[in-house]
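Please work through each task before reading its solution.

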Amino acid sequence: MNFDELDKKMRVYEQSLDQILLPELYLVARLDGRGFTRLTKEICKFEAPFDIRFRDLMVHTVEHLMDCGFRVVYGFTESDEISLLFATGENTFGRKVRKYNSTLAAEASASFSLALGTAATFDCRMVPLPTLERVQDYFLWRQEDAHRNSLNAHCYWMLRKEGKTVSEATKALEGQSVSFKNELLFSRGINFDQLPSWQKRGIGVWKEQYEKEGLNPVTGKRETAVRSRLKTEYELPLGEAYAEQIRGFIA
């Protein structure tokens, strides 16, 4: 059997599980850190519940993913999670799911690891969404998840620092309401509403246009040109204002 015949025969098996993302659907990718609890608490010993160094590593990774060959119009990160919104009509790799998942996970893992100085890995899943409204709902959902995680994390680590064990701190918060947790923090002198916005709402990254003046090498005259750059926002809006912002990236 020559190579061409063997190649054709084996490609069938290699591609047997290929899934294509339908062209009418909006695309979002969600990446999560794998084993990051051990990485952040045991290996690197980042400050709990939030560490600016870790935050900046996640932002760095989002910025890399927005410039690694895909048309990403918006990136969002909270905790060890990243969500990427793709431009309408994105068609890289023929919209093959396995290529998006493997490439984005690899790019994120490599970028984060190089910046950190030790190995770290991400997994990735594609989230196809049928309408613009569902896209808005997705990012409102992830922002609300950031809020809940932040409140729980601040309460949990406050109790841990007071001497409670993992099980004691977990049990103390189990089934408790949002108001109870807010009061718990307030009784220790922490006003949750006044904590940094990025801890409660996550961080957004998108491309913005700006004017730059320079010398035209052909005419020898100074001219103003429009350029694009990544903007990182640490104080995202809430609710309908945030939904409208998301709509603006792809509408």
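**Exercise 1.** Determine the handedness of the crossing of α5 and α9, and state which residues of α5 meet which residues of α9.

*Solution.* Step 1: the crossing of α5 and α9 is right-handed; a crossing counts as right-handed if the near helix is turned clockwise from the far one by less than a right angle, and as left-handed if anticlockwise. Helices here are DSSP runs (H or I, at least four residues), as strands are (E, at least two), numbered from the N terminus. The model is a predicted one, in which local features need pLDDT of at least 70 and side-chain atom pairs count only at pLDDT 80 or more, while totals for chains, interfaces and linings use all residues. Residues are numbered from 1 along each chain as its sequence is written, and side-chain values use heavy atoms, with hydrogens and water left out.

Step 1: α5 and α9 (residues 239-250) pack at about 130 degrees, their axes being 9 Å apart. Axes are lines fitted to C-alpha atoms, for helices over the stretch in contact, and angles run from 0 to 180 degrees between N-to-C directions. This angle makes α5 oblique to α9, given that angles under 35 degrees count as roughly parallel, over 145 as roughly antiparallel, 65 to 115 as roughly perpendicular and the rest as oblique.

Step 2: on the α5 side, L132, V135, Q136, F139, L140 and Q143 meet G239, Y242, A243, E244, I246, R247 and I250 of α9, where contact means heavy atoms within 4.5 Å. By class, this contact of α5 with α9 comprises eight nonpolar, three polar and two charged residues. Nonpolar covers Ala, Val, Leu, Ile, Met, Phe, Trp, Tyr, Cys and Pro, charged covers Asp, Glu, Lys and Arg, and polar covers the others, Gly among them.

**Exercise 2.** Describe the packing of α5 with α7 by angle and axis distance, then by handedness.

*Solution.* Step 1: the angle between α5 and α7 (residues 178-186) is about 45 degrees, and their axes lie 10 Å apart. Step 2: α5 and α7 are therefore oblique to each other, and their crossing is left-handed. Step 3: the contact joins L151, N152, H154, C155, M158 and L159 of α5 to V178, K181, N182, L184 and L185 of α7. Its residues fall into seven nonpolar, three polar and one charged.

**Exercise 3.** What is the volume of the largest pocket, and which helix gives the most to its lining?

*Solution.* Step 1: the largest pocket has a volume of about 670 Å³. On a 1 Å grid over the protein atoms alone, a pocket is an open set of points with protein on both sides within 12 Å along at least five of seven lines, whereas a cavity is a set where a 1.4 Å probe fits but cannot get out; lining residues have an atom within 4 Å of a point. Grid points are joined across faces, edges and corners, and a volume is the space filled by probe spheres set on the points.

Step 1: 28 residues line the pocket, and K41, P49, F50, S79 and A153 lie nearest its centre. α5 gives the most to this lining, with seven residues. Step 3: the lining of the largest pocket has 13 nonpolar, nine polar and six charged residues.

**Exercise 4.** Which residues line the largest cavity?

*Solution.* The structure holds one cavity of 30 Å³ or more, and the largest cavity contains about 40 Å³ of space. Its lining consists of L25, Y26, L27, F86, A87, T88, G89, E90 and R95.

**Exercise 5.** Which residues does the cis peptide bond join, and where is K45 found?

*Solution.* Step 1: most residues other than glycine have a negative phi, and most peptide bonds are trans. Step 2: a cis peptide bond joins A48 and P49, with omega about 5 degrees; P49 is placed in the loop between α2 and α3. Step 3: K45 is found in the loop between α2 and α3, and its phi is near 55 degrees, a positive value in a residue other than glycine.
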